[in-house]
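Visitor: Please take a close look at one chain and at the partner that it meets. A single connected answer will do.

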Amino acid sequence: MLKTALKSMLLAAVASVALAGSASAGKITIESWRNDDATIWKEKIIPAFQAKHPDITVEFNPTAPAEYNAALNARLEGGTAGDIITCRPFDASLDLFNKGHLASLNDLPSMASFSDVAKSAWTTDDGKTTFCVPMASVIHGFIYNKDIFKELGLEPPKTEEEFLALLEKIKANGTYTPLVLGTNDQWEAATMGFQNIGPNYWKGEEGRKALIDGSQKFTDAPYIDTFKALAKWAPYLGDGYKAQKYPDSQNLFGLGRGAVYAAGSWDISTFRGQNVNMGAFKAPPPAGSECYISDHTDIGIGMNAKTANAADAKVFLDWVGSEEFANIFANALPGFFPLSSAKVTISDDVAQSFVSWRGECKSTIRNSYQILSRGTPNLENELWNVSAQVLNGTMTPEAAGAQLEDGLKKWYAPHQK
Amino acid sequence: MSRTAYLLLLAVFLAPAVIIYSTFSIYPLLATIFNSFYDRQDDGTSLFVGLSNFTTLLSDPTWSAPFWNAFRNNCLFFLIHMCVQNPIGLVLAALLSLPRLNLRATYRTLIFMPTMLSVVVIGFSWQLILSPLWGVAKMFLSFFGLGFLFGPWLGEESTALLTISLISVWQFVGIPMILIYTALLAIPDELIDAATVDGLNQFQAFIWVKLPLILPTLGLVSVLTFVNNFNAFDLIYAMKGALAGPNFSADIMGTLFYRVFFGNQLQLGDTSMGSAIATMMFLIILTGVMIYLFVIQRRMHRYSF
């Protein structure tokens, strides 16, 4: 009696799991970590797609960012993942492709509208297979409070020297925090600091590739100079910046208590919500040198290799690569910039100025993302650690470079020469 | 009752505990140990590698340096709890058990309250209190003219772990207090009366009569503190993230395990190495508990009333 009851319960459970896993024809499900954007997907993006393809139902099914990688892996291995997979850049997705969870998208027609740099985050090391459609990038720079600049009679700086002089003026006035950046969470120091201004020193792609092929080392001048420039910020950071978390930084600037904010373009929508009268300037290069910006490939979108609905999924992915999608996405989420070469009009003026730098400077991506963060110790983690320490004043720029290089040397052959 | 019926009955009553304990405790533990002998390949398959994960963990400086750093920090974390949390718990319990004390239940509830709050709430509130930007700690100290003492304690390499440990002490001090308080209540009044007749005052009676009687409870409290501290993770993760900085100064075994097993940002999760760390944590805790059981508890006298 008990046995049969148990058996039927088990069967029912198995059946319901199986049912939940198999999608009916014409229906595709999207896996994503962008739960912040769920409304935009449901109200703007998906309806726009369905206006053209009424026979395909799309469901946006996000997971919390911190759990996404682990949850997605578990669902892919258990065969219950959605048809469309939102791709993290570089190794996390490459790993999924190598394990056979992501399908090759080489034959997707809209792939032609993406540059190699845009595709690099979702392409195999040999450059032969691309497995996600590049969806958006984020650009680094600085956001400033226009009201404070007006009050103190300041102009956005063009060179590093002007930048430091500007911070000095704000500090001398004493009312506002000159530069908003905290080191408690560590990634802020690395991402908004090191990766923000660094490309000006290592000449963007040139330096990034030189690090990968081993012809440049972290102990070389460009990297030490980046750390030196970073160390100069310390006197201008907020009171107790060592215990300042990322939300603290956002609030400090959002409430109008900080003048300049070391930014990622994704912060724009946060500050729009707080009604800050803001403008943006790009990472100021040292006087007399060319400018480079970090235009980092951040979100891609690919297809579950085991989807039951590959035809519809490809129709959707091809549409994600279209000009229509690029325009909807760029305007619904100011600060996330489409990577396709399609013509895009952005209405948000701050987002507009971020994207305008693409025309003035050369773009690159964060140098720790491709290949170099594959080993132990993990370069990205090391970078967080040393960047925070350089800003905290507990490590010299030279020591920071040496620690990164030592770590890389332990496992990466091109740096062992 | 026949022997078979007796055995059957035994099985029925044991079954719930055995099933639940095996599924949620023994199986995961064995699976973790098993997993630590394998190495996961890029294509998703696993390869048996024997003890090599452990050799790497303990001998390769890339792994052993973070491991011993986490171990050292964890010992410090435990020592702070032993030296601060448990004595305070003992004193509070002694005060609570004073014969003439008003509002006893109120004190007990208030002190025990933080234990029941979520770690995330605790972490968030304390971060706000200690925040150099908006925190009340700075204003509070300045009010007494002690503002110069304030610092970004959670962000300094020298003070981060200490600060988090003390927050954890604040949160959990209710547990030793309640355990010791219960033990104190169980001491018969006759013993204290006799001691008073013999001329001991309250304090002397506590030191010479009550304290020896509650030693087994103090032992239990120490073991619980040890096990909980070496399994700790949540508060540090909530306040400092998986890198437990600055410069890994607040990194303990739990955060190290999390980072390795689940990955962090660009670091991919490594389940076999993560399992090896988890197994080491298990062995460390096992050793600690063994030392207690075989060396300390055996020598302890128990008094029955």
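Guide: Helices (H or I, at least four residues) and strands (E, at least two) are DSSP runs, numbered from the N terminus. On that basis chain B holds 14 helices and 4 strands. The model is predicted: local features need pLDDT of at least 70 and side-chain atom pairs pLDDT 80 or more, while totals for chains, interfaces and linings use all residues. Residues are numbered from 1 along each chain as its sequence is written, with chains lettered from A and ligands numbered from 1 in the order written.

The C-alpha trace of chain B spans about 80 × 75 × 30 Å along its principal axes. Chain B has 305 residues, of which 30% are buried (20 or more other C-beta atoms, placed from the backbone, within 10 Å of a residue's own; exposed is 12 or fewer, partly exposed in between). Contacts (C-beta atoms, placed from the backbone, within 7 Å) between residues of chain B at least 6 apart in sequence join residues at least 24 apart in 66% of cases.

Towards chain A, chain B contributes 27 residues, which are in contact with 34 residues of chain A. On this side of chain B, the elements giving two or more residues are β3 (263–264) and β4 (267–268) of chain B. The side of chain B that touches chain A comprises 11 nonpolar, 12 polar and 4 charged residues (Ala, Val, Leu, Ile, Met, Phe, Trp, Tyr, Cys and Pro are nonpolar, Asp, Glu, Lys and Arg charged, and the others, Gly among them, polar).

Notes. Two residues are in contact if their C-beta atoms, placed from the backbone, lie within 7 Å.
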